Amino acid sequence: NMAHGEFFMLGAYFMVVITGAGLNPWVGIILAPIVLGAFGMAVERLMIRPLYQRGDLSSLLVTFGLSIVLQQTVRLVFGPQSRTVPMPVEGSMQILGTTYPTYRVVAAAIALVVTIGLALLLFRSGFGVRVRATIEAAEVASSLGTNTSRVANLAFGLGTGLAGLAGALMAPFVGVTSSMGLEQTVQSFLVVITGGLGSLAGTVGGGILIGGGQSAGSVWLGGTVAQVGVLVLAMLVMLVRPRGLFANKGRAS
């Protein structure tokens, strides 16, 4: 989904709209994944599902085109200038002698809870079994009674909903612009490639490695050097472990 970063961007702009209307930022954080999840399900049903049988890069090209349309539409509606979103929680707190904004800690805690919830959904529920079966062998899953079209639709909606939630959570930290999704798409690909395809643990590990490495490097070396260092790290991982650091055994890259 080459438009994944734009769903993140839409989640951030959803916060701009909610707070601009005078509503509590938490309203936006709660509603963003629901609204973006429903939008993602509609996109999958109308634009992506007809391309599943082609077996080529059509879905990649379509979602790339969708990313451009979403980015330019938001730019037309909200303008090119950066927007700000107020912090849902004010104040700061001390952790191991370092001062952090309270909301940053709250957002990290929410992300951790959501990640654990996603893991339980994928590995401890009937829906998760159907999702994993559809990913591994859609025809076999369908022959055993799984509605693979429905599963794909729900899974895509879940992904876009989580992107919307991430955008809503991050909006108070950053300047909200129509182009912010591109960076998130690139970062997401780096995380998945580094961690390993098909592995939730790999996604988490890759996120810690890429995100944590860039944050630490920015403090010690500066933002530009840190970004270059992360790219070099990702390339080294691809050379040494093409499947990723935490890839499932036996799974092709």
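**Entry 1: two helices side by side**

I began with helix α4 (residues 102–123) and helix α7 (residues 148–170), whose axes come within 11 Å and cross at roughly 170°. That crossing makes α4 roughly antiparallel to α7. For the wording, angles under 35 degrees count as roughly parallel, over 145 as roughly antiparallel, 65 to 115 as roughly perpendicular and the rest as oblique. The axes are lines fitted to C-alpha atoms, for helices over the stretch in contact, and the angles run from 0 to 180 degrees between N-to-C directions. Helices (H or I, at least four residues) and strands (E, at least two) are DSSP runs, numbered from the N terminus.

Before going on, I noted that this is a predicted model: local features need pLDDT of at least 70, side-chain atom pairs count only at pLDDT 80 or more, and totals for chains, interfaces and linings use all residues. Residues are numbered from 1 along each chain as its sequence is written, and side-chain values use heavy atoms, with hydrogens and water left out.

Which residues of α4 and α7 meet? From α4 I listed Y103, A107, I110, V114, L118 and L121, and from α7 L158, L162, L165, A168 and L169. Contact here means heavy atoms within 4.5 Å. Sorting the residues of this contact of α4 with α7, I got 11 nonpolar, no polar and no charged. In that sorting, Ala, Val, Leu, Ile, Met, Phe, Trp, Tyr, Cys and Pro count as nonpolar, Asp, Glu, Lys and Arg as charged, and the others, Gly among them, as polar.

**Entry 2: rings**

Next I went looking for aromatic pairs. Rings of Phe, Tyr and Trp (its six-membered ring) pair if their centres lie within 6.5 Å; planes under 30 degrees apart count as stacked, over 60 as edge-to-face and the rest as tilted. How many aromatic pairs are there by this rule? The count comes to four.

F7 and F39 have ring centres 5.7 Å apart and planes at 50°, so I put the pair down as tilted. The pair links distant parts of the chain, with F7 in helix α1 (residues 4–20) and F39 in helix α2 (residues 25–48), 32 residues apart. F7 is buried at 0% relative accessibility, while F39 is partly exposed at 31%. Buried means under 20% relative accessible area, exposed over 50%, and partly exposed in between (1.4 Å probe, protein chains only).

Then came Y13 and F78: their ring centres are 4.6 Å apart and their planes at 35°, so this pair is tilted. It also links distant parts of the chain, from Y13 in helix α1 to F78 in helix α3 (residues 58–78), 65 residues apart. Y13 counts as buried, at 3% relative accessibility.

I also found W26, Y103 and F173 linked by ring pairs into a cluster. R104 lies over the face of F173, 4.4 Å from the ring centre. A charge sits over a ring if NZ of Lys or CZ of Arg is within 6 Å of the ring centre and within 35 degrees of the ring normal.

**Entry 3: two glutamates**

Is E6 buried or exposed? E6, in helix α1, counts as buried at 3% relative accessibility. Leaving aside neighbours within four places in sequence, E6 is in contact with S67, L70, Q71, G181, L182 and T185. I also checked E6 against L66: the two are 60 residues apart in sequence and 8.7 Å apart in space, C-alpha to C-alpha.

E44 sits in helix α2 and is buried too, with a relative accessible area of 0%. With neighbours within four places left aside, E44 is in contact with R49, Y52, A152, N153 and F156.

**Entry 4: a few more spots**

T146 is in the loop between α6 (138–143) and α7. T146 is buried at 14% relative accessible area and touches R130, T134, A141 and V151, not counting residues up to four places away in sequence.

S149, in helix α7, is partly exposed at 33%. S149 and T134 are 15 residues apart in sequence and 9.2 Å apart in space, C-alpha to C-alpha.

My last stop was L190 in helix α8 (residues 180–195), buried at 13%. Not counting residues up to four places away, L190 touches I210, V230, L231 and A234.
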